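I opened this entry to keep a record of what I looked up, and in what order. I begin with the whole chain and then turn to single residues.

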Amino acid sequence: MALTLKDIQRISDLARIDLSEEKAQQLMVELNDILGMVEQIQSVDTEGIEPMPHPFGGAQRLRPDDVTEHNRRTENMQNAPDEVDGLFLVPKVIE
């Protein structure tokens, strides 16, 4: 399906984009090239080929889950204005 200059002008009006005649002509050629590539891709026979969720097989390299900081609750609680059972106690802000 090839786009015409009228189609490009309609699209630019809908998108509220002001296009000159020259730019509209250039855009029409570029969009028709893109649509041609899409048609070429759609023409490939994919019968019997299972869809791939990821083009590289979907395997991800995960980093090891190593603990880098240790529990420093007592040191952190020294900054608390008030505490209850090792937790920060803050004033109620929602009634």
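**Entry 1, the model and its fold.** I first noted that this is a predicted model, and I read what follows with that in mind. I looked up the secondary structure and found three helices and two strands, which run along the sequence in the pattern α-α-α-β-β. I then checked the radius of gyration, which is 30 Å for the protein, well over the 12 Å that the globule rule gives for 95 residues, so the protein is more spread out than a compact globule. For the extents along the principal axes, I wrote down about 70 × 45 × 25 Å for the C-alpha trace.

What share of the 95 residues counts as buried? I found 8%, where buried means under 20% relative accessible area. Next I looked at the contacts with a separation of 6 or more, and noted that residues 24 or more positions apart account for 27% of these. The accessible surface comes to about 9600 Å², and I recorded that 55% of this area belongs to carbon and sulfur atoms.

I looked up the charged side chains and found 9 positive and 19 negative ones, with the centres of the two sets lying 5 Å apart. How many salt bridges does a search of the whole structure find? The search gives one, and I traced this salt bridge to the side chains of E75 and R72, with 3.5 Å from N to O.

I went through the backbone angles and stopped at R16, whose phi is near 60 degrees, a positive value in a residue other than glycine. R16 sits in the loop between α1, residues 5–14, and α2, residues 21–42, and with 75% relative accessibility R16 counts as exposed. Where does D85 lie? I placed D85 in the loop between β1, residues 83–84, and β2, residues 87–88, and I found that D85 counts as exposed at 74% relative accessibility.

I then looked up the separation between S20 and R72, which are 52 residues apart in sequence and, taken from C-alpha to C-alpha, 65 Å apart in space. R72 is the residue that I had already listed as a partner of E75 in the salt bridge.

Is S12 buried or exposed? This serine lies in helix α1, and I found that S12 counts as buried, at 8% relative accessibility, which is a value under the 20% that marks burial. I also looked up what S12 touches and, not counting residues up to four places away in sequence, I wrote down I17 and L19.

Note on methods:
Residues numbered from 1 in each chain as written. Predicted model: local features only at pLDDT ≥ 70, side-chain atom pairs only at ≥ 80, totals over all residues. Heavy atoms only, no water. Helix = DSSP H or I, 4+ residues; strand = E, 2+ residues; numbered from the N terminus. Rg over C-alpha atoms; globule rule 2.2 N^0.38 Å. Buried < 20%, exposed > 50% of the residue type's maximum accessible area, 1.4 Å probe, protein only. Contact = heavy atoms within 4.5 Å. Areas by Shrake-Rupley, 256 points an atom, 1.4 Å probe, with all protein chains shown as cover. Lys, Arg positive; Asp, Glu negative; His and termini not counted. Charge placed at Lys NZ, Arg CZ, Asp CG, Glu CD. Salt bridge = Lys/Arg side-chain N within 4 Å of Asp/Glu carboxyl O.
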